[in-house]
Structures are given as structure tokens and as C-alpha cells.
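Here is a short note for someone opening this structure for the first time. The points can be read in order, with the model alongside.

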Amino acid sequence: MSIKTEPFILNMGPQHPSTHGVFRMRVTLDGEVVVDVEPVIGYLHRGIEKLAEGRTYTQNIPFTDRLDYLASMTNNFAYVLAVEKLAGIGVPERAEYLRIIMAEMMRISSHLMAVGFFLNDLGAMMTPVLYMWREREKLLDLFEMVCGQRLTYNYMRIGGVSHDIPEEFLPALKRFVAEMPKFIDEYDQLLAENEIVLTRTKGVGVLPEDLAINTAASGPVLRASGVKWDIRRADPYSIYDRFDFDIPVGSVGDCYDRYWVRIQEMRQSVRILEQAVAQLPEGEVCAKVFQLLRPPVGEVYGHIEAPKGELGFYLVSDNSIAPYRFHIRPPTLINLTALKEMVIGWKVADLVITFGSIDVCLGEIDR
Amino acid sequence: MFDIVFWILAAVTVGAALAVVFLRDVFRAALCLVFLFFTIAGIYITLHADFLAVVQVLIYVGAISILIIVAIMLTREVWRGSPSGRLRIPALVVGLLLLGMLMFTAMSTKWHISDVPPQEPTTTAIGAGLFGDGGFLLPVEIAAVLLLAAVLGAIVLIREK
Amino acid sequence: MSVGLEHYLILSAVLFSIGLYGALAKRNAVVILMCIEIMLNAVNIALVAFSRYVVPVLLTGQIFAIFVMVVAAAEAAVGIAIIIAIYRSRESVDVEKFDLMKW
Amino acid sequence: MRFERYGVGVAKGMVVTFKHLFRHPITVQYPEERLVVSRRIRGNELVWFPDRCTGCATCAKSCPQGNIEIVTHIGDEDKYVVDKFEVDTGRCMFCGLCVESCPYEALAMGISYERAQYRRRQLVLSKEELQLSDIRRPSGYARPKIEPTLPRQSLLVDWDREEGGQKLSRLPLSKKRGRGV
Amino acid sequence: MTYHIPWIVFLLPLFSFIIISFILRPFLNYRPKLGGYVTIGAIGAACALSFWLLVEVLSAPGHKLEIPDIQWLLIGDLSIHIGLMVDALTAVMLIVVTIVSLTVQIYSQGYMHGDPGYHRYYAFMSLFTACMLGLVMADNLVFLYLFWEGVGLCSYLLIGFWFHRPAAADAAKKAFIVTRLGDFGFLAAILFLFYKTGTFDIGELHGLAIAGTLTGTTLTWVAIGIFAGAVGKSAQFPLHVWLPDAMEGPTPVSALIHAATMVAAGVFLVARFFPLFENSEMALTSVAVIGGFTAIFAATMGLVMTDIKRVLAYSTISQLGYMMLGLGAGGIAIGIFHLFNHAFFKALLFLGAGSVNHSTGTFDMREMGGLRKAMPWTYATFLIASLSIAGIWPLSGFWSKDEILVSSFANNPILFYLAMITVFMTAFYMFRAVFLTFGGEYRGGASSEHGSHGAHQLHESPKVMVIPLVVLAALSIFSGWLNVTGRFDEFLGHGEVHSFTQGFFGILTHPLPWISLILAGSGILLAYAMYSAKWLSAEAIGKAFSPFYALFSRKYWFDELYERVIVGRVLVDGLFAGCGFFDSRGVDGAVNGVADGTAAAGRALRQAQSGQLQVYAMAIAVGIVAIMVCFYLFG
Amino acid sequence: MTVALNGEEVAKKITEVFPDSVAAANKVTVVVTSKSLYQVAEFLKNTSGLDFDYLNNLTAVDYIDYFEVIYHLTSLKHNHSLILKTRCYERDRPIVPSVVKIWRTADFQEREVYDLMGITFEGHHNLKRLLLWEGFVGHPLRRDYL
Amino acid sequence: MTLLEQFQLWLATIWPEWAAYITPAIVGIVVVLAFVLLTVIVFIWYERRLLGRFQIRLGPNRLGPEGIFQPIATALKVLLKEDIVPAKGDKLVHWLAPVVVFVPILLIFAVVPFDKGAIFSDLNVGIVYVVAISSVSAVGIYMAGWASNNKYALIAALRTIAQMVSYELPVVLSIIGVVLMVGSLSMSQIVESQNIPFIILQPLGFVIFFLGTVAEMNRCPFDLLEADSEIVAGYHIEYSGMKFAMFYLGEYGHALAYSCIIATLFLGGWQGPLLPPIIWFLIKIVAVFSVIVWMRSTLPRLRVDQLMAFAWKCLLPMAVINLFIVAAEALWLPEALPWIMVVVNFAFASILTLLWSRLFALGGGRVEV
């Protein structure tokens, strides 16, 4: 039984605590029930794709930092991989390991934020966020130690990484890797079994498997829907084929599965870190690459498994020092495609958590 | 002491009632109605009916006024205001006539005023009166059924076909 | 003259008449409902006043007032339900537009 | 919602928060207490060494934003004399590419992080302002020689480290007041 | 404490109904079995308490428990009490009802498994059991009538349980309407009785009848009226037509309601008012005659039916006729004793049929066959019941049926001969059913239609269905032995010592049992010859007696008679048309004249009806003021 | 490891069903005419053995003479990939059929290309500007936009 | 005889009647107001500090010793802010709403017994008075939501109505359980009759009352009116300055008031050994408040339909059952053996919790549109 009401339109955002940035959803509500959602984006549009056409390949690296600013090292990684593929440049062994260490640390850091703010969207009053922030701060300390910044790292270089790690880095990382599983257990204990969380998230915002594939959802969102697809395994880049890790897969594709998949991926990342730290060889960290790189004419699409999904760079070179076309395939914009299907019929509160469970980053959506 | 309180309350009550009738903004009229209910609770206290006063607040302020406010919201007639209809003048005449008659009756009748001081506290006495021997047990049951029927009826009326 | 039964009765009469005027003259159905509530309250005042001054021992008037409140609650619920139901079909709560009972 | 676990899940969570009630807070009482920043910190300023600079403008070319404005004329000994060396730190994104590209180590990142100003204009640093001074010191970013001279970074990982059977619940901090470290 | 037990016995199933339908409702979606457990628990407890009551009654003086009444209604001087009475008759009926009900409910756990209306079924069954218990324990006519209609209602609901099937819905309506005809007589009798005596209390009525205050025509009419109710409910001629159709309900329902308990309520009713009947020769005779005639009449139709449940239905009608005959000819004890035994073996037969259906998916005997091997337990129990109903020594049917034969022989020889023929027929059609169902080869079941029940899928029913069969089979064997020494008759207050109460073997020294045994044996033999050994061709015999065959198989055209003649001609063409004529001309003419005048006036007056609430309210207010003014001016 | 299918082989398969649809093909890419794009896309998605159910990326490049719209396809089932391209030559009003009905994911990406590159996707249910506001003049990612 | 009444009697011997009537009233009002405002300020500080510690932060600690003056600074800051009224809002109602929210909360303290006799007015209908008065603030919240002319505020206002009305029922039913044991509606008598605190005698009633009041005062996990992640700040989204401060004070005043009521009804009020009664009372309200803060720091929020379902499907039936049990025990159990009741009630509480957790689901939530 429902009482007939007239639908009204609510502008959620661009200033709203749960839009994780400047995102706007034009929501049509019938009472509290969501009837229609239309994402309105572009508030953070900076035209990076156009800017990049006027800068050298190296100069573009800092711009990639500003895409998904919660995982900027991964963006560096994807970009330099694409350029290396375009120009055919090899990377020293140590640099490969360092890149993977950084990428996995970044994944943990990004997932910590995602899970924390997802729980905050559920109404858990900052506590999970602050607990997870504590671990993220430890990682940021390490990043700062390596490259001097806490948010926009600009660490990867074409042909390797910019600096070798300082000597106190490895002990600190080992210590982090040793204690991190304990903290993940604590997060699980904090809210993973909480009845309120289960009720709020189980069965809510379901993204069915076929729709997930058809909307090209990627990353944890795709895996939560039950598709075992991880580019690290499916199309191994860098040296991911040397590591032993599992791909956690959800079953239903609801908010809880996405939450669960992220928690499990953190555990797997810790596993990869353990192996990488143990195998880290000595040696050079950067191949000799000419500063004003001129890759041969051609095009390349390089994609990696970023924390939020498949991050792709499509580069076209005309043998000049700047890319002819520089296109970014942002994972979260594409993950948002199915938002409407996921939330229709649910309440406003479910819209918020479904959006939170997709884990968007507006820097990347708007570019 | 009670006299002053009564006069103040009576004046405020009548003022609030007039506001309910004459205010154009329906939402404000409803707020005045809430206020009216409050002052009537005060009048009950001057009549030594403390339990009734609390019940007045509980039922009228806590429940009925909220119902009315929700109704105002759902019908969205606030901005159209509360105009008077064609029957304004006849209604005024009839109202005044009735007021005259009632006041005449109240003044002219010889009431049998009892000298017994009022009971206090009234809670136990009302309880005994309602549920005790020779009380109003059956009317209470009927009132319960009435409420149930009203709730069901309201639900049936409101629900979509 | 100190306040006595007559004062309460006159207050009740005044409130009742105001309520009656409102119920007869206003066009908004919700306001009419509010006016009916005023009338019921006026009656309650009279009942309690009688109870206080005429039969202070029995409290029958107060008990009656409680029943009146029950009826008022039921009336408010059903009345508002009716108003909303009519509002849905007529898009208005103007009683002058409610002429379903005509002929 | 079915409380399939009779509220055990809720209770577990409450226990976790209760445990945290007795852990030491990780808050740092800035500005009285400060964390020691990384030796490679890219603080929000640059340090320019005029004596080493040849005016080759490699830094200006490598800057993605075109922030570095450098004007030279050819002076004695056929060397460039730098007339103007201005960095607009309001537009700078502190990527460090200029520092990395400088062949003579004439440019370095600063270690300061309290460089807020009231006017945008004040963020444009002139040749004089950019030079080494008490309040403007270079960091070890891409300058391996400077790096070991700086204090060890305070790490949150060490927050509850046990040392000699005793639990450190304090971060290693520098308690010095004033700007910079 | 004893006084509470009847109430508890009555209230347990009622509460079970309330719990299932109102309290458990939200859980039933994911705990469907809950309804069944509640019902079985309630009825099991009621059954145990019934035995306690029986023991109490046995030891009570005059076999009657005194239970204080509760005042229910007070209208003027008339006070209607709610009260229960427990005497020997009630105690026996309680045992019958609770045992059969309990076994049927347990059986239903298996039979109704997976039905979407599972809990609805149990709710109705609980309600039925409650009503039936109330009916047998009621101590006044109002209460009795209430439950009388209550069981009718439950019967209606349960026949129409699968209401989406038109046949079931029609059958439910038919049952309801036909029994209402009889109930009309019953109601008239109650009202007449009250008009004459001013009391509803059954005990007082008994007293009045025995004391002779109530005599003559009054008594006869009252008795006939009550008997009309019994005829309707017990499906006696001529109101028998509903019972075969009632087989559209679930089989356990047929077993409980349309075989063992509710249809027997008519017999019980006659027994309950037996003091009234006793004082009216004519009433007693009509009971016997109707009973005897129904017995043979229904048996003839049972000979030719192909649907196993219909065979059993006609057999039920026939056996109920026996009971009536027993009541009319012999007295309470004899009729009730047959009721007692019949309840067990007939319930067993129905449950057996249900079990067969569970396996084959059909009720048509022509499509069964050869189930003996596949369903040994069902076969064995079905056979026991068949032997019992055929009256084979020493099974229970023998004892009660032959007792009826003896008493009718003494009372009315014509009825005795009819009854003797019925014995033969009973044996024949029952064993026809047994041989067709269990003997020979499997003939495909419902597979001829949708192929889901191949021979290889034949299986014994689950344990939960078999155990009630076994329990009932045991009762079908042994329940008759209760009266071997006449204890049962004595208990029910039947004074005279019968020739049939001379011990287990002593009975065989009489000639009459032998005759009936021979008749029954020849019936079985004939059935064997025709349907098992195929010595005689059933078709040939059918052709030879084709007029009879047609007569029997078309059920004497009774349905058509009712449909065409009574409903079509008498009611529609006669009564309704006459009324219609009077209505359209006489009444309407007058009405129209008045109406035209009124309409003209109304047209003038309706201007006042603006349809606006406030105008009316204003009129009221003006009226009040006017009245007050008048009061002050003129009062 | 995702296998990049040989464009020429795939082109052969396509021409078997849709002759005249392939404009060019090389080792990695298949270029189809924009008219037949929708049918070819449907074919690539639904043909067993190809099963390109996953559209990784959709973008466009302005080669001044023509626009090239690029579809990066992957089959999750077989773990192989293909680059599908189409070209449109009218600079004033380039039109390409929309593939939203085949791959729902093209929704935002086509809007983005429309917004920044000015290519109209025929059959898109909601072709509005995505990143820039309504009323913005020009399409910034074209080479001639300054 | 409360202390104020004694004071009044004593005054009447030396002062004229009217002055003797008014003075104690004023004194009482001042004392209660002072208590409320002071305690609220301390509570604000306490909650922020405690919440900080739960979240391994420090919380405000700069102003004064351990930051005790931070609420005052906050209040000053809030007071100095610009008072914004939405242009299309109803200005009068917008102004009135904070008052209507705040005043009833103050009025509740009139019947809170702080000590033996230390009660402003020992009404014989005390607890009904509390329920009646506290339902008034729902109107205030509704007014705020309405007058803001903001869709978020309106959603919050609608939620208020639903939530307050729904949770009032279980709260009142669990109060009746207490009243049945005491036999009086007066708050002071309720305290005096608690030789064993009712939390032990009626654990289920306590849990229902506690959850119901947490919902009534809109605290986590039932804080749907303010749900900042969904409807931003709910009904006070358009408030700033002094008016916002009133809401803020009102919220903490509400928490304080209900802590007092819970302490009075279930924890034995001011009763306790050794320490002076007022200290016991303070300890109890702080304990209750700490639990509320603890819940706030841990639990996420329910969804609106689950919230309603929780009231109607869980709390209400359990409250009814609890009431029946308590009534039966009050009738039949001998007065001398309260411990039997404790055992029985704990057993019932656990059985009911088990049953409800097994049998009741709060519903899926998805609506076909």
C-alpha cells in the first residue's frame, strides 16, 4: 500500500555531504522513494585532455596526479605504462617492483577512504573514517618519505621512477604490512557484522552481472557483481604475473558486496606487498630516457587495474614532443552509468549509500 | 489568584480562536490552533482538572494538531489561503444569535452550584470512574472500537486504489 | 464577582460561536475541520466546568470530556482522510467546489 | 532487518569503539607540536642558489605550468646574468620537475609548509625572496647531498611501536615553536 | 477441574484456528508447517482430554457430567446460557470426532504437503473440529444450531477449498444450498419448540418429552422438522445429492467431514433428540423408512460409479441410511454404534483413496489397478476397511450392521429385506473398488493425460500418511468388539439385552449373521468374478441390465430433476414468474404512480439541495437557534 | 593475458556477413564505415567466438581531415580484445550511429565525445553536453579550437 | 512536600501571600534554568571530548582546562553569526520554531526529582506530563522544516512526524510498565519505590524505553531528522546564529532531559548508597548520556522505512508483551519476592529478543516505481 504523492525534484549537490566532491544528482522523488536520477557532472572540469596536448610527455605526469587524487600514484603508473608501450621503453627491475609496491599501497589507501566514507554515508558518524584515516596516514607518511608529497606524488617517470626509496622506507613498510591485517580484522569487527549495516546494505543497489558487464563497470564494482575480472590477472601488466594473490568476487552485486570486495582486496594487496618487499632487487630505478621524448607515430591504449576500476590512457603520437591525443578512460565515470538502474525504487538514503559504494572521485570524472 | 489567570487565559483563548478563523495563512492558523489547545489545557488547570489538562496536551497538541498540519501540507492549500465563502454574513448572524442565546441561557439559569471543594488529584478518581463499578467500562470499550474503526477507515480512504 | 461557573460557560459559548462561524463561513476544508475542533473544545470546557462546580465529587464531566477527546481524535483522523481523498480527485479543498451531493 | 545474530554484531562494534576509548589519541597538537616532515618534502616554495645558476632556463622549459619567468642578458665572460627569476607559487603545483631538471643543482624545493598569504600577489616570489635564508631552506628532494642532513621523518607507523619492552604511544615530534622546522 | 475439560476440549481447536489465522499469519510464509503442528497439537490434546472425559463419564452417576452454565445473553426474561453437556452420547461422539480428526490431520501433513493453501486448510480444519466438538457438546438449541451452521460453513469452505476449480466452487455452493433446505426445517422446529415450551435447553426438552408434556402433533412436527435437518446434513434421500459432489474437496476433508463426522451429525441429532422421537411413532417410522430406503437407494448408485471417491460417497450415504434405520428401528445405541464403527472404517477408506490418488494422480478406478504391489500398506488397510464395511466377522462393521439388521427384522420386515439386499450390494461395490484399484495390472493412472505418473513412479505414500491408515485399520478391526458383551449399548442407556450381545463366538450360533455373511460373501465373490478373475464380463452385465445401469449411473436423474423441474419449472417458471408478474404490474403500478408524483414534487424541492455541506450545516444551526428562540419565547 | 585479435581476420569475418562495411583493416584495428557501424557492433557482440561484451573505452580523435571514433572492445569470456574504428568526414556535422543500445556503457562516453569533439551520435536517448554547460560554444577537443 | 513548598510555607509566615507565592516559583525557575544551561554546556563539551576519545582524537582541549570553555566559545561564535532567514520562508514561523522546540524541553525539568524533595513541582501526573510536553517539540521541528522552504527540511519535517509519533507508543507503553509497579504517576514516588532499580526488574521495558527515547531525541542510530549524509542537516538546514544555537541547545537539552527521565524511571533516580543523592543522580545521567554518545560513535543510521518498521514491528509488540507480563506479575507475584520477577523478566527479555530476531524482518525497502 502506498499513499499517492506527487513526485518532486531534489537537487542533491553540488554541495551535499554525500556527493564526495562537487557532483550533482537531479533526483525525482516520490515521497522518499527515488523515481529518477540524472547525474549532472562537470563542476570540476579542467580540460586535462586538452591541456595535455600542449605539454611534453613528462610534463603530463603531474596532471595525471590530479585525476583520482585519492590514488594519484596509480594514475602516474597507468600513464607511464602507456607511454612506455607507445615508445617501446624498457623499465629496470627494481623500478618495476617499486611501482608495484606503490600501486598496491595506493590501492589500500584508496580502499580505506572508500570503505570509510561508505560507512560514513551509512551514518556511522566519522568513526570508521577516522580509524581508516589512521592507517591511510601511515601510508601517506611512506609516500611522503619517498617523494616528498602526501597527495600528488608525481613519482613515476617514463622508464622508471623518479627516486630510489630511502633506507628507512623498507623497515617502515614491513612494519605496516605486518600490522595491517590486524587493523583490517578490526574494521570487520567494527561494522561488517553489524545488523544495521547488513540491513542497510544487503540487497540494496544491486547491480546484476549482465548489466555490470554491459555498462562496462570495472574494479570492485564489477567484481562485486560476480565477474571475476581483474586486469592484473586478465591482462597482466608490469610484473603482476609474478605475484600470488586472489581476486575476491562478490555474489549479488549489492552495496554490501562492494564493501566486502574492497575489504578483501586490501588483504590481497597486503599479500602482494609482502611478496614484493621480499623480492625487491637492487639496481637502477630509471632507464635513460630523453627528456623531450618523441615516440613514433602510432596510438596506444594502456589500461591498468586502478583501485576504482579500469584506468585507461589512450594516446596518439605524431612523433612530436607532445601527445596528439590524450584520452583518459576514467573508471568511476563509467561505473556511474548504471547508477539509475541501481537506485530506482529505493529511498534517498539508499541512493546515498549506493553512490558511496561505487566510490567515485570527482577529479577523475570531470577531468 | 486563579481569577487573574482565568482572565488572561480566557482572553488569549478567544484571541487564538479568532486568529484561527480569520488568519489567511492556513499554516499559521493551525499553529494558533495548537496554541489554543494549550491555553485550554491551562483553563482545565484552573478548573482543577490536572489529568485532563495533561491529556489535552497529549492528545490535541501531540496528535490532532500534527494530523491537521500534515493534512495542510498534503493538500498544499497554504498559499491559496483561507478565504471566506458566500455564507459569511449569514454565518456571522447565526453565530452571534447563537452566542446571544447561549450567554442568555448561561446567565439566566439558576445553576445548582455545589459547595464541595474540588477533588485533587483527579487521576485515581477518573480511573475509578472509568473502570470502577458502575463506571463507563462499556463506553471505554466502544470508544476503543470507534478509534479502531476510525483508523481503519482513514487508511481505507487514503490508500490508493 | 469572582470567577464562577457562568464565566466558564460564557467562554465556552464564545469559543463555540467562533467555531461555528468559522465552520460555516470558511471555504478551506482543513480550516473547517480546525473550527470543528474549536467547537469540541468549547464543549469540553463546559463539561469540565459543570463537573467542577455542579458535581465535584463525581467527575462525570471530566470523564465525558475524555470521551469527547476520543471522538475528536477519531473525527480528525477520518475527516482528514476524507479531505485528502477529495483533494486527490478534485485538486482542491474548497468546500464550495464539493457539490458531489447535489441532487 | 532481521536481527539474525541477536545484536551480537552491534555489540561487537561497540566493543571495538570501547577499546579505542583507552587507546592514546593520535592527534598532534599543532602548532605546539609538529610532525617532522620527510627529508624529501616538496614544501610550498622553491630555493634558488644564484651562484650556481647559469641562466640556462632548463627549469622554465620543464615547468608544465610555465611558472618560472627568467630574464637574462649576456654579461661578462659570456655568461648569462639573471635579471629576473620569478616563480608564481600561486600557480605552482610543486611537481618538482624544475628541480629534477636543473643540471647545476641551482634550484631546490623548500621544506616549509606554512606559506599562506593574504594576497595572491605575495605568492609571486622574486629573485631575492627565493634565495637561501633562515626561513627558507632547501629540502632533500632530488638533492641527495642535502638529504642526510635533515632530521628523521616522524612516522605514524611508529606510533605504538614497542621499544625495549615499552610501548611508545607518542609520535616523535619536534616541539619547536615558530615557522618551519 | 473436570468442568473445565469440556471447555478446553472445545476451545483448543478454536484457539488453534485463531492462532493460525491471526497470530501466525506473518510467519506462515516461511514456516508453512507451523499451522499443521499447531492444529495437530491442539487436536491431539483434545483427543487425550476426550479420553479423560470418557473415563469420567463412565464413572459418573447416570453417565452424565454436571457442568455449570455461563450466562450469555439476557434478553428480557429470556436468558440464553452457553453451556456444555457431556453424557454418554457426547462422550462417544467426542472420541469419534477427535480420533478421526487427529488421524486425518496427521495424514494431511503428507497429503497437503506443498499446497499453497496449506495453512488455510489447517485453519479451516481446526475451525471445523471446534464447531463439531461444540455441536456434540452443546446443551441448548441455540448453541447447537450455531455450531450446526458452523460445521456447514466449514464444509462449504473446505469443499470449495480449491475454489479456483469451477467444479469445486459449484459443489460447495450445492452442498451449502441443499443442506440449507434441511436446516430450514430444523430452524423451524427449534422456533416452534421454543414457541411451545419457552426453553432452548436440551435437558429440559428431554424432560418435557419424557414427562409427556410435549405430545401429539406438536411433537411429531417438531421431530419431523429436526429430522429434516438431519436429512439435509446426513444426505438422506431426497437431499442426498450434495454429498457425491462434495468429493471435489481435498480427500482428507472428505474423510473427516463427509464420511466420519459432519454427515454423521444428522444421525447424532436424531440420537440427541431421541426422547422426542421415541414419543412419536410416526416420526420414528419415518426415520426408519427414510433410512432404509436411502441405504438401498444409494447402494444401487454405488454399484456403477467409476470414481473411487464417489463410490465411497454413495457408500457413505448408504451407511448413513443404515444408521437412520438403526435409530428408527432399534434405538440410540444401535444407530450410534454403527456411527462409531463406520467413522473409523469410512475415514480409513477415504484416506486410502487419497493415498492412492497421491500415487496415481487420479480418482478414476478405470485408470488404476495393480497397486497392491506398489502400495502394500494402503492395500492392506483398504482391504481391512472393505471387509469391515461389508460386514465380515469379526471386523467391526459386522457387529454394528448385523445389530441393525436384527433390530429391523424385529421391527419392520420390509426394511429388513431391503437392508439385506443392501448388504449384498455393499460387499459387491466395495470389492469392485478393491479389485479395480489394487488388483490386475496398472492401467496408467493420470498418465493418459499428462504423463507424470508412469507405472515406475508408483510409490507407497510417506510415513506420515501411512501411520494414520494403520491406526484407523486397527480401530476398524477392534472397535466393534466393544459391544460384544453389550457394554456399549448399556453405556448409551439402551436397556434391553440384544441377541447380538452374546459374546464373541456366541453370535455365530444365530442364523441371521450367517445369512448376512453369506450375502456379503456372495457379493465379494461376484465382484471377484467380474473384476478380478474376469469370469463374467462387466460390460456384458452392464448391457444386459442397461436400463438399470443407465438409471444408476445417472443417479436416478435426481440432479436433473432438481435442476430442471424444481428449480426450472417450479421456482423460476412458477413462483418467480408469478411474483414477477405481481411485482411488475401490481406493485410497480402503485409505486410508479406514487413515484411520479414524488418526482414532480422532488423536482420542485431539489433546488434546496445545493450539495454544499455548509448550506446544510447552516440550516442545522439556524434550526438550533430557532428552537432555542422558540423555547424562550413560548416555552 | 588479453589477446589482441588480428584485425584483418576479424575484418574477414565481418565482410562475410556485411560486405562493404569494412573500410580498412590492419593487424590491430578494424575500420568500418559509419553507416554499418551499428550492425557490425551488434555482430561483434553477439557472434559466438567473438563475444565482445565489454566496451572498455570509447573516444574520438580529430585528424583534421576526418574524425575517428575508436571503440576498444574486450571479450570477458574469451579474454581477447579488438580495436574498432569508424571515420566520419563531414566537419560541420559529423554523425555516427550510437551504440548505447548494444553497450549501455557508451551512454556517458558518447555524451562526452559529443560534448568535447562535437560528434553527433544518432540514436542516443539523451545526447546532451556532459562536462560543459548547455550553451557552451564550440567543442574544445577539436584541433581547431583555441 | 517538596523543598519549594516548604520554602513557600516559611515565606508565607513573614511575607504577604502573593510574594510568598511568586518568590519560590522564581527561585525554582532560576535554579532549574541554571542547572539545565550549565549541564547542557558541560554535556556539549563532554560529548565532544568523549566522541573524540572514541575516535582516537582529542576533542576540544584548548580553551580552559581540558577545553571546558570550548562550548562557550562555540556559543559565542554561533551567536555572532549572521541570522539568515530564507527569502521565501515563513519568517514568523521560522523565528518561532526554535522557541517551540526549546521551551518544552525546559518544561520537562519541572518534574525531574533531583533529590528527595528537590523537584520543582511534584505533579501527581508527572510522567504523563513528561510525555505530553515532549510531544510538543515535534510541532516545533515541523515548524522549522516548514518555514525553511527547503526540500531537505521538509523531508526532515515529514520524517519527524512519522518518527516522533511512532516511537511515542512504545515509550508510553514501557512507562506504563513502570507505573504499574509503582502505582503512581508522580515522579518522586517512582523514585522512592525503587528499592531495586527498575532496570533490573524490567530489563525489556528499559531497553524499549531507552531505544524509544533515543529515537525521540533524534540521536544515532535514529537521527534521521538530521541525517547529514542524506538530507544534509534536516530541519535546521536553513538556521544560523542564535536560532541555530537554540536548536543546538535544545538537542542537548533533550538528551539531558531524557537522561534524567531514564535515570529516574529505571535507574533509581537519586537513590544510592554512601554518596549524597544529587551526586548519585548526576552520575546516573552522565552514565546514560555516555551510553548514548557511545552508540552515536559506533552505529550507522537506519533507513526511514526500517526505522518505522523497528518501532511498529519490534518495539511496539515487545512493549505490549512486556506490559502484559509486568501487569500479570504485579497482580500475582507476592510483593515480598521481587527477585522472582527479576529472573522471570530477564528470561522473558532474552526469549523475546531471540524470537524477534528470528521471526521479524524489517522489510526490503524497494518500491516498484
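1. In chain F, 48% of the contacts with a separation of 6 or more are between residues 24 or more positions apart; a contact means heavy atoms within 4.5 Å. The chain has three helices and eight strands, and from the N terminus on its elements run β-α-β-β-α-β-β-β-β-α-β. Helices (H or I, at least four residues) and strands (E, at least two) are DSSP runs, numbered from the N terminus. Of the 146 residues in chain F, 58% are buried. Buried stands for under 20% relative accessible area, exposed for over 50%, and partly exposed for what lies in between (1.4 Å probe, protein chains only).

2. Basis of the values. The model is predicted: local features need pLDDT of at least 70, side-chain atom pairs count only at pLDDT 80 or more, and totals for chains, interfaces and linings use all residues. Residues are numbered from 1 along each chain as its sequence is written, chains are lettered from A and ligands numbered from 1 in the order in which they are written, and side-chain values use heavy atoms, with hydrogens and water left out.

3. Chain C by itself. Chain C has three helices and zero strands, in the order α-α-α from the N terminus on. Buried residues account for 71% of its 103 residues. Among contacts in chain C with a separation of 6 or more, 58% are between residues 24 or more positions apart.

4. Chain C against chain B. How many residues does each chain give to the contact? Chain C gives 70 residues and chain B gives 82 residues. About 6,800 Å² is buried between the two chains, and carbon and sulfur atoms give 78% of that area. Buried area is the accessible area (1.4 Å probe) that two parts lose on being put together, summed over both. On the chain C side, Y21(C), M34(C) and M69(C) lose the most area to chain B, together 10% of what that side buries.

5. Polar terms and make-up of that interface. Between chain C and chain B the count is zero salt bridges, a salt bridge being a side-chain nitrogen of Lys or Arg within 4 Å of a carboxyl oxygen of Asp or Glu. Three residue pairs are in polar contact across the interface (both at pLDDT 80 or more). A polar contact is a pair of N or O atoms within 3.5 Å; within protein, one must be able to donate a hydrogen and the other to accept it, and residues adjacent in sequence count only if both atoms are side-chain atoms. On the side of chain C that touches chain B, the elements giving two or more residues are helix 1 (5–25), helix 2 (29–53) and helix 3 (60–90) of chain C. Helix 3 of chain C gives the most, with 24 residues. That side divides into 52 nonpolar, 10 polar and eight charged residues. Here Ala, Val, Leu, Ile, Met, Phe, Trp, Tyr, Cys and Pro count as nonpolar, Asp, Glu, Lys and Arg as charged, and the others, Gly among them, as polar.

6. Nonpolar cores. A nonpolar core is a set of buried Ala, Val, Leu, Ile, Met, Phe, Trp, Tyr and Cys residues joined through side-chain atoms within 4.5 Å. The largest has 394 residues, and F169(A), L44(F), F109(G) and I127(G) touch the most other members. Helix 3 (residues 50–75) of chain B supplies the largest share of this core, 16 residues. Another core, of 202 residues, lies apart from it and includes A299(E) and L492(E).

7. R232(A). This residue sits in helix 10 (residues 231–234) of chain A. Is R232(A) buried or exposed? R232(A) is buried, because its relative accessible area is 2%. Its side chain makes a polar contact of 3.3 Å with that of E104(A) and one of 2.9 Å with that of D230(A).

8. I74(D), in strand 3 (residues 68–74) of chain D, is exposed, at 56% relative accessible area. Leaving aside neighbours within four places in sequence, I74(D) is in contact with K79(D) and Y80(D). E248(E) lies in the loop between helix 9 (242–245) and helix 10 (251–260) of chain E and is partly exposed, at 24% relative accessibility. E248(E) and G160(E) are 88 residues apart along the chain, with their C-alpha atoms separated by 7.5 Å.
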